[in-house]
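This report describes one protein structure for a reader who is new to the subject. Please keep the sequence and the three-dimensional view at hand while reading.

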Amino acid sequence: PEGLRIQLIDQEDIPMFPLGSNIMTDNAEKLLLLVSRVIKKMPNKISISGHTDSVPFVSPSGYGNWELSADRSLATMRKLITLGINPDKVMKIVGFEDNDPYVKSDANHPNNRRISITLLREHPLIEIKNINEEKPARKPRRDKPVNPFTRK
């Protein structure tokens, strides 16, 4: 409902970021270059969200998955801007930690580590009625008295 969501998902042995880091890998930068080409052509504003898996990660300073997911979103925004995306297109940066898993059956699955870039809708969705819905029967007009014997 928000718009078109582009999911950049970690693979088992091809992460976008090293574990516990917000520094993008070369592969992720190349992928983001391709995505940026599409975003540049579109008039839509964008939202960027970062997601982690449920593997506990906390540094001695208290830095954990919440900060990591938000920092990866910010790193993605900064990279998109260096690739020519107008900063005014960015509407929202979000860190989700592990609260919205891609693989719901396995909270620790590598695919849960991802960046979502949403091309936001320009206009809100309108409710479209189902054309197959039955319409209520029309009541007869009562402009003239009805003869109960002929129904005319």
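## Overall architecture

The secondary structure of the protein comes to two helices and four strands, and along the sequence these follow the pattern β-α-β-α-β-β. Helices (H or I, at least four residues) and strands (E, at least two) are DSSP runs, numbered from the N terminus. This is a predicted model, in which local features need pLDDT of at least 70 and side-chain atom pairs count only at pLDDT 80 or more, while totals for chains, interfaces and linings use all residues. Residues are numbered from 1 along each chain as its sequence is written, and side-chain values use heavy atoms, with hydrogens and water left out.

Of the 152 residues, 34% count as buried; buried means under 20% relative accessible area, exposed over 50%, and partly exposed in between (1.4 Å probe, protein chains only). The protein exposes about 10,800 Å², of which carbon and sulfur atoms supply 56%. These areas come from the Shrake-Rupley method with a 1.4 Å probe, and for residues only the protein chains shown count as cover. Among contacts (heavy atoms within 4.5 Å) between residues at least 6 apart in sequence, 77% join residues at least 24 apart.

Helix 1 (residues 26–41) has 16 residues and reaches 24 Å from its first C-alpha to its last, close to the 22 Å expected at 1.5 Å a residue. The expected span is 1.5 Å times one less than the number of residues. Ala28, Leu32, Val35, Ser36 and Ile39 are buried in helix 1, and the buried residues of this helix pack against strand 1 (3–9), strand 2 (46–51), helix 2 (65–82) and strand 4 (114–120).

Helix 2 has 18 residues and a reach of 25 Å, close to the expected 26 Å. Its buried residues include Asn65, Leu68, Arg72 and Leu80, and the buried residues of helix 2 pack against helix 1, strand 2, strand 3 and strand 4. Just after helix 2, glycine 84 takes a positive phi of about 105°.

## Two loop residues

Is glutamate 97 buried or exposed? Glutamate 97 lies in the loop between strand 3 (90–95) and strand 4, and it is buried, with a relative accessible area of 17%. Although glutamate 97 is not a glycine, it has a positive phi of about 55°.

Asparagine 86 is found in the loop between helix 2 and strand 3. At 41% relative accessibility, this asparagine 86 counts as partly exposed. Asparagine 86 and lysine 45 are 41 residues apart in sequence and 9.6 Å apart in space, C-alpha to C-alpha.

## Pocket and cavity

On a 1 Å grid over the protein atoms alone, a cavity is a set of points where a 1.4 Å probe fits but cannot get out; a pocket is an open set with protein on both sides within 12 Å along at least five of seven lines, and lining residues have an atom within 4 Å of a point. The largest pocket is lined by 16 residues, of which Glu2, Arg5, Ser49, Phe96 and Asp100 lie nearest its centre. Strand 1, strand 2, strand 3 and strand 4 are the elements that give two or more residues to this lining.

A search of the whole structure finds one cavity of 30 Å³ or more, a volume being the space filled by probe spheres set on grid points joined across faces, edges and corners. The largest cavity is lined by Leu8, Met16, Phe17, Met24, Ala28, Leu32, Thr76 and Ile115.
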